[in-house]
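Here is a short briefing on how two chains meet and where a ligand sits.

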Amino acid sequence: MAQQEPQAIERDLTMSRAMVEAIGHEMRENDEVFYMGEDVADYGGIFDSTEGLLEEFGRDRVMDVPISETAYLGAAVGAAQRGMRPIAELMFVDFFGVAMDQIYNVMAKTAYMSGGSVAVPMVLTAAVGGTYNDAAQHSQTLYGTFAHLPGMKVVVPSTAYDAKGLMHNAIRDDDPVVYLFHKRLMGIGWMPAPDGPKTAVPEEPYVIPFGSADVKREGADVTVVTLGLHVHRAFEAAETLAEDGIDVEVIDLRSLVPLDTETILESIGKTGRLVVVDEDYLSFGVTGEIVATVAEERLAELEAVERVAVPDVPIPYARPMEDEVVPNVDDIEAAVRSVCS
Amino acid sequence: MFEDMVTARYYEERLQEEYLEGKQPAFDISAGPIPGELHLAAGQEAAAVGVCQHLRDDDAVTAPHRPHHVAIAKGVDLNRMTAEIFGRKPGLSGGKGGHMHLYDPDVNFACSGIIAEGCPPAVGAGLAAKKRNEDGVAAAYLGEGAISQGAFLESLNLAAVQKLPVVFVVEDNDWAISMPKERVSDVEDGSQRAGGFDMPGVRVDYDDATAVYDAAEEAIGRARAGNGPTLLEVQVHRRMGHFMGDPETYRPDEDKEAAQGRDSIERLAEELRAAGVDDGDLDEIREPARDRVDEAIAWAKEQPEPDPEDAYEDVFVNPPSGATTDEPTHELAEPGGGD
Ligand SMILES: Cc1ncc(C[n+]2csc(CCOP(=O)(O)OP(=O)(O)O)c2C)c(N)n1
C-alpha cells in the first residue's frame, strides 16, 4: 500500500502514543492480532508501548507472560506459523540473547526452510538505545545484528508520524518484522525526549512502506544517513553547521531491511559527501553496510566518507565514558566538517 | 547478621536519597549523582545474610539486578561498590559496570542485569570446585519471577546431574516488576521446582533471618560435603517500587501496606531482645553500621570520575595489537579467599 497523504492533522502525539494507536486499531480490525510480553498488561509496557491496551482488550489479547523469552517469543512464532498475528515485546533489545534461537533460527528462517509455504506474520518489538547511563546490558542498539541475519524485516522509527505508519505496516506484513524503538524517543515520563519525535499524527490509519527512507532535511553539501535517535542529533548538528554555510541533507532510513539504497544514492549524486551515523557498534554494522553500498554504486562521485558509531566497546556506565562512546551532536558536526574540508 | 542487615537497609535508604537528588521536578532517570536504573532491595535482607553467613570468601555468589544486600552480606568492599554506583574511577570496575554489574573478585561476588543469568556461572563455579577437589560452594540468587527462565531450569538440571555444590536462592518478593507471582507461575512456591530435578527444595515462609540461617546451613553443608545442590526459597518483601521512579500504580495499596508492616530487621531485633540483648547493645551495632555507610557514600562522592578515554580499556584483558592499549591496564585479580 502506498503512503497516504496525511489528512487534517490537529494533534501532536508522543511516539509511544502513536505506536499504541496503530496497535489498537489493528487489534480492533483483526481478532488474530494480540500482544504479549513482560509487564505489558497492568504496567502498560515499561516504555509505555502498550499504555491503555489492557483496558480495551483485556488479558486474553494483552498478555503478561512469565519471564521466559525463549518460550514466549517462540510461542509467538508458533502462533504466527498458524496464521495469527502476534506482537511480542522484548523489553530491552539487550535481552535478545536469551531467546536468539527462536528469533533467528525459527522466526527468521521458517519462510525459507519451508520453501515459502509457512509464513511468520509477527512483530517483535524491543526498546533500544543508551544515553541514560544504564550500562552494558541495558543500553545497546543492535540494529545491525538483526539486519545482518536474513529473514527478518527491521524497522526503526524516529518520529511519532513514522512510528504509527510503520507499525500499521509491520502488523499487516506477512513476514516477521523487528520493530526497534529508541527509549529516548518514546516520550515516557521518566526519560525526557528531545523535541523532534513528538509530531502531528493523523487519527486515521496509514501505512509507511518499508524500504522508504525519508529525506528529513534537504541539503546540498553533505548527506548524513542515520536512523532512530540520531536523526534528531543530526538535525541539531545541521542547524549549527548551517550557520557556517554547510548545507546538510539528513536521510532517515526508517527501515534497514529492506534498505532504500535509491534515496541514499540519489542524495550522494547531489552532495558527493557521506556521513553515516549509528548508535550501534562501528564494526560489521549499519555504517559499514551503507558505505559499502555507496562505494559499490557511486565510487566515482564519492568525495569523502566518515562513519560515526559506537567504537566497538560495550556501553560503559559512568557519564564521561558513556558520553565518549555514544555519538553526540558534536561528533556528527565534526564528521560533517571533516568530509567538507 | 543483624549488623549486615542494618547496614544493607541503611545503605538502600541512603542510596534512595542520593538517587532522587537532581531528578526532580520532572523525574529524569539520567539526571543527578546516580543516573540509570536503580533497583533497591529493602525488605530482602534476611535472604542475603542468612545464606552468606555460611559462605567464605572463596565461595562464589552470583546476584541478580538487585544486588546490594547480597553484596554487603558477602563482604564486597563497600567503598569501592559505592564508588561504582556513583560512577567514579575507584569503583569496582572503574565506573564501567554500575549498580547492576558489580564484580568483586576478592570475595568472588558478581551480579548481572539479565534475569537468571547468574545461575549458569554459579554452576560453573561449583564445577570448578568439584574438579579441583575443593570444598568451595556457589550460591546463585534470583527472584521468584526468574524461576520460569530457561537459564535457571537448565542450571538446576546440570547441577543436579553433576551433583555440584550449588545453592540456588530464590528471593520471593511476590512481584516481578508489575507481575504478581500467581499470574506467571502455577507453582505456589518456587522451591517446588526442585522436585523435577531430584534435589531438595526448601522454603522459608517468612523473612525470618534465623530460619534462613538454619535452612542455609543445611543446604551449604550438604553442598560442601559433596552431596549436591539445593533449591532454597525465602519469602521476602518489596518495600519500594521495582526500580526508583516506578510509580507502582499496578500494586494494590493493601499489598504496599502489608509489605511496610513486615520487617525482617525488627523481627530479628525482637528475637535478640528476647534472648537478652538490650536496646543499647543493638544501637551499638546500628550506629557504626550507619557510620560505615555514610563514610562510604561521602568517600565515593569525593572520588574523581573516570576519564572519557577509560571507556576504551578492558574490552579485552589481552588487547589485540592495534587496540588502543597494548598492555593490560591492571593486574588481573586472583579469585580471592582460600584459607
Ligand atoms: C532476560 C530478561 N528479561 C527481562 C528482564 C527485565 N526485568 C528486570 S527485573 C525483572 C523482574 C524480575 O523479577 P524477580 O525475578 O521476581 O526479581 P525482583 O525484581 O522481584 O527482585 C524483569 C522482567 C531482564 N532484566 N532480563
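In this predicted model, 18 residue pairs make polar contact across the interface of chain B and chain A, with both partners at pLDDT 80 or more. On the side of chain B that touches chain A, the elements giving two or more residues are helix H4 (78–85) and helix H7 (181–184) of chain B. The residues on that side comprise 22 nonpolar, 15 polar and 10 charged.

**The interface**

- Chain B brings 47 residues to the contact, and chain A brings 43 residues.
- About 3,500 Å² is buried between chain B and chain A, and carbon and sulfur atoms give 61% of this area.
- Two salt bridges are found across the interface of chain B and chain A.
- In a salt bridge, the side chain of Arg183(B) meets that of Asp64(A) at 3.0 Å, N to O.

**The ligand**

- You will find the ligand between chains A and B.
- The ligand is surrounded by 21 residues, and the closest are Glu69(A), Arg66(B), Gly113(B), Gly145(B) and Trp175(B).
- From chain A, the side chain of Glu69(A) places an N or O atom 2.5 Å from a nitrogen atom of the ligand.
- From chain B, a backbone N or O atom of Gly145(B) is 2.8 Å from an oxygen atom of the ligand, and a polar backbone atom of Ala146(B) is 3.2 Å from a ligand oxygen atom.
- On its own the ligand has 580 Å² of accessible area, and the protein covers 97% of it.

Note on methods:
Residues are numbered from 1 along each chain as its sequence is written. Chains are lettered from A and ligands numbered from 1 in the order in which they are written. This is a predicted model: local features need pLDDT of at least 70, side-chain atom pairs count only at pLDDT 80 or more; totals for chains, interfaces and linings use all residues. Side-chain values use heavy atoms; hydrogens and water are left out. Contact means heavy atoms within 4.5 Å. Buried area is the accessible area (1.4 Å probe) that two parts lose on being put together, summed over both. A salt bridge is a side-chain nitrogen of Lys or Arg within 4 Å of a carboxyl oxygen of Asp or Glu. A polar contact is a pair of N or O atoms within 3.5 Å; within protein, one must be able to donate a hydrogen and the other to accept it, and residues adjacent in sequence count only if both atoms are side-chain atoms. Helices (H or I, at least four residues) and strands (E, at least two) are DSSP runs, numbered from the N terminus. Ala, Val, Leu, Ile, Met, Phe, Trp, Tyr, Cys and Pro count as nonpolar, Asp, Glu, Lys and Arg as charged, and the others, Gly among them, as polar. A residue is near a molecule or strand if one of its heavy atoms lies within 4 Å of it. Accessible areas come from the Shrake-Rupley method with a 1.4 Å probe; for residues, only the protein chains shown count as cover.
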